[in-house]
Amino acid sequence: MKEEITQPIPMVDLQAELNLLRTPILEIITEVLDSGNYVLGEKGEMFEKLAAGYVGANYALGVANGTDALVLALKALNIGPKDEVITTPFTFFATAEAIAEVGASPVFVDIEADTYNLDPAQIEAAITPKTKAIIVVHLYGRAANMKEIMFLAEKYNLRVIEDACQAIGTEFEGKRVGAIGDIGCFSFFPSKNLGALGDAGLVTTNKKTLYETMLKLRNHGSDKKYHHSLIGMNSRLDEMQAAILLVKLYYLDIFLDKRKEVARRYTKNLPGFLLKPNVPSGREHTFHQYCIELDNRDKLAAELARNHIASAVYYPVPLHLQEAFRYLNYKKGAFPVAEQAANRILALPIYPMMTSQQQGLIISTINRFFEGKGNEEK
């Protein structure tokens, strides 16, 4: 007998998380309202200190969003026109958008087929005299191969920016991402594993000079009111979002463990012929997304939708094929692994408050779909 789904199952249930944390969030928001200090205040400083400690970095700065974090990182490293930055074509648009925003050129390198992260084996061939940095993305919450990437960066005197926007709390060989390269960048968009109730972001670094530069850059190039030593930008984390993040940071490790539990149940109970997330030794996965890979993705997505179950494609068009980057002159077929993933990948709902009943319904719907298709994926 087919199980009935009485309520739609979303990709992420922000309301359930808010219901759990409503009281402490309202209490800390009231503290901010009563303080009369709404930008660059006590809550922001406290969050920066705790976030730096959590990531394992010497310094952290709250910023307006994850995209600004990437732009600030590039600016702090003096990357601009005529420079090249190597990155992945299989990520959210902002990664390469930030490179173009500072006037530099994105140079794409294909991904590892089993992790969807930047393939270190292909980086060296893309390095030119114009290459100044590598932006490595810890996609979906899974750590990239930082050992090999840092080796190449040191060999060629390149800076490394970690786009850890989907990966706060993820570890690589016992060290948390965002504290391995020169600068780490984080997004706290509401749906992230650590999400604000609006836009918010963070930059981290172990280098005092970079910290001091970004401290100015995020505040119009100023460290003294009405005195500006740099051309900066307005990218400050407001006190309200900092306060909310303080509450949520306290629960982050608990929520990450819950995500891993959900992921384990998917991996155990979904059909064995599906390509499921691989977690190489030493490279943790905190499951911002749980993605499977299959040929008939759209048919499965349609079946899930008929049963009121959400799914999503992250990402359907690799960056080298985006219209905005047509000027880079990449052609279809340039990065076959990324292009194949874009055509086959499907993200399933995952969030800390997912119930066993909800997940059971998702799993049974997927299993019935393949049983009805005669296991054509095998």
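## The largest cavity

This is a predicted model. Its largest cavity is lined by V12, L14, E17, P190, S191, K192, N193, G195, K248, R259 and P352. Two elements each give two or more residues to that lining: α1 (14-35) and α7 (239-269). By class, the lining holds four nonpolar, three polar and four charged residues.

The volume of the largest cavity is about 50 Å³. The structure has three cavities of 30 Å³ or more.

## The largest pocket

The largest pocket has a volume of about 490 Å³. Its lining takes in 28 residues. F92, Q166, S187, F189 and K192 lie nearest the centre. K192 also belongs to the lining of the largest cavity.

α3 (66-76) and α4 (94-101) are the elements that give two or more residues to the lining of this pocket. The largest share, three residues, comes from α3. The class count is 13 nonpolar, eleven polar and four charged.

## The second largest pocket

The second largest pocket has a volume of about 180 Å³. It is lined by 14 residues. L40, E45, E48, L215 and R218 lie nearest its centre.

α2 (42-55), α6 and β10 (222-224) each give two or more residues to this lining. α2 supplies the largest share, three residues. The lining divides into five nonpolar, four polar and five charged residues.

The whole structure holds 17 salt bridges. In one of them, the side chains of R283 and E112 meet at 2.9 Å, N to O. R283 sits in the loop between α7 and β12 (290-293), and E112 in the loop between β3 (105-108) and β4 (131-137), so the pair ties together parts 171 residues apart in sequence. Are these two residues buried or exposed? R283 is buried, because its relative accessible area is 7%, under the 20% cut-off. E112 is also buried, at 11%.

D182 and K207 form another salt bridge, at 2.4 Å, N to O. This pair also links distant parts of the chain, 25 residues apart. D182 lies in the loop between β7 (175-176) and β8 (183-187). K207 lies in the loop between β9 (201-205) and α6 (208-217). D182 is buried, with a relative accessible area of 6%. K207 counts as partly exposed, at 37%.

The side chains of R306 and E303 meet in a salt bridge at 2.7 Å, N to O. Both residues lie in helix α8 (residues 297-306). They are three residues apart, about one turn of the helix. R306 counts as exposed, because its relative accessibility is 56% and the cut-off is over 50%. E303 is buried, with a relative accessible area of 18%.

Which residues are linked in a network of salt bridges? E31, E42 and K43 are.

How values were computed
Residues are numbered from 1 along each chain as its sequence is written. This is a predicted model: local features need pLDDT of at least 70, side-chain atom pairs count only at pLDDT 80 or more; totals for chains, interfaces and linings use all residues. Side-chain values use heavy atoms; hydrogens and water are left out. On a 1 Å grid over the protein atoms alone, a cavity is a set of points where a 1.4 Å probe fits but cannot get out, and a pocket is an open set with protein on both sides within 12 Å along at least five of seven lines; lining residues have an atom within 4 Å of a point. Grid points are joined across faces, edges and corners, and a volume is the space filled by probe spheres set on the points. Helices (H or I, at least four residues) and strands (E, at least two) are DSSP runs, numbered from the N terminus. Ala, Val, Leu, Ile, Met, Phe, Trp, Tyr, Cys and Pro count as nonpolar, Asp, Glu, Lys and Arg as charged, and the others, Gly among them, as polar. A salt bridge is a side-chain nitrogen of Lys or Arg within 4 Å of a carboxyl oxygen of Asp or Glu. Buried means under 20% relative accessible area, exposed over 50%, partly exposed in between (1.4 Å probe, protein chains only).
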